[in-house]
Amino acid sequence: MAFNPIYTIKAAMASVPLTTRSLCVMLATLYVACKLYSPLLRLFCLNPQHVLVYGQVHRLVTYSLLHKDAPHLLLSLVNWSLIAPTIEAALGTFSFAWLLGIISVLNGCVYTLLTIGAAMLSDDAEYHWHNCAIGFSGTVLSVMVIWVYTFASSSRIQLGPAVELPLTVLPPVLFLVSLTLPSASVWCHLTGLVVGMLYVAGALDWPQLSREASERLEKSPWLRLAVTRQGFVSANTEVLPTTEDGDTETPVKSRRTSSQAVLDVPANDSAAMKNTIQLH
């Protein structure tokens, strides 16, 4: 039988949980769209002025779906594909998607506050005020922290005959590697680490989607198309084990079932952001 690369890719993608797979496709699609129409980056990036002054709160989510260059996108996709399936299998598709929304918005809010603080304390306030962040790597760092402390906190990395490091060093190492990218934002990635640790500490348990709510969504006729898609994971648990639970590595078995936006802002604001887009 002749090798069919398209069939192979489809088969591999079909085995990936729904939210994880959908995010990969969305990130790649939006990257191509931004290459074809670059103003999309400025329209949906995370800029404190647009969020606070013009009320464009959608930027707290859309910024994380955009990437400026291929290495930035590839780094996000590779790390995302390695860690996200395990967490989605434990939580369920809807609960995992809800968690991602919370992480993305919280990262965006913390980053915005930090940027405002930097603008107030810095001599170059205009730079921070017009700074515009994009990228999924902050969210990936948060999810990686959750994955490490939930499923692999006692695992170790063998670096030599006498050198072993805990797997918990992986998020900080990824943080340092991500900073080698051009225009990478220290605050964005640091925020990702902090938000991940907040979840691990149990501070983000209260806004999570409950199992009952997730099961109600699964029964909704409006979401039947998603529920019947290959890779959908039914509701399993409300939250993952945290450091408060003692044992953070008890695996949870999953149950699988089969036109340009117009901004009401001065033109000089967009021009100011043009050269200050940072990778997140």
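A salt bridge here is a side-chain nitrogen of Lys or Arg within 4 Å of a carboxyl oxygen of Asp or Glu. The exercises below use a predicted model.

**Exercise 1. Which residue forms a salt bridge with Arg-211, and how far apart are the closest N and O atoms?**

Step 1. Start with the total. The structure holds 1 salt bridge.

Step 2. Find the partner. Arg-211 pairs with Glu-215. Their closest N and O atoms are 3.3 Å apart. The cut-off is 4 Å, so the pair counts.

Step 3. Arg-211 has 31% relative accessibility and counts as partly exposed. Glu-215, at 28%, also counts as partly exposed.

**Exercise 2. Is Ser-104 buried or exposed? Which residues is it in contact with, leaving aside neighbours within four places in sequence?**

Step 1. Locate the residue. Ser-104 sits in helix α7, residues 93-121.

Step 2. Read its accessibility. The value for Ser-104 is 5%. Buried means under 20%, so Ser-104 is buried.

Step 3. List the contacts. With neighbours within four places set aside, Ser-104 touches Leu-60, Val-61, Tyr-63, Ser-64 and Thr-139.

**Exercise 3. Which residues form the nonpolar patch on the surface, and which helix gives the most to it?**

Step 1. Name the members. They are Leu-114, Trp-187, Leu-190, Val-194 and Leu-198. Together they have about 400 Å² of accessible area.

Step 2. Assign the main contributor. Helix α11, residues 186-200, gives the most, with 4 residues.

Step 3. Trp-187 is in helix α11. Its relative accessible area is 43%. Patch residues need over 30%, so Trp-187 passes that cut-off. It is classed as partly exposed.

**Exercise 4. Is Leu-193 buried or exposed, and which residues is it in contact with beyond four places in sequence?**

Step 1. Locate the residue. Leu-193 is also found in helix α11.

Step 2. Apply the cut-off. Leu-193 has a relative accessible area of 14%. That is under 20%, so Leu-193 is buried.

Step 3. List the contacts. Neighbours within four places aside, Leu-193 meets Leu-141, Val-145, Pro-171, Pro-172 and Phe-175.

Step 4. Compare sequence with space. Leu-193 and Val-143 are 50 residues apart in sequence. From C-alpha to C-alpha, they are 8.8 Å apart in space.

Notes. Residues are numbered from 1 along each chain as its sequence is written. This is a predicted model: local features need pLDDT of at least 70, side-chain atom pairs count only at pLDDT 80 or more; totals for chains, interfaces and linings use all residues. Side-chain values use heavy atoms; hydrogens and water are left out. Patches are made of residues with over 30% relative accessible area and no salt bridge: like charges are joined within 9 Å, nonpolar side chains (Val, Leu, Ile, Met, Phe, Trp, Tyr) within 5 Å. Accessible areas come from the Shrake-Rupley method with a 1.4 Å probe; for residues, only the protein chains shown count as cover. Helices (H or I, at least four residues) and strands (E, at least two) are DSSP runs, numbered from the N terminus. Buried means under 20% relative accessible area, exposed over 50%, partly exposed in between (1.4 Å probe, protein chains only). Contact means heavy atoms within 4.5 Å.
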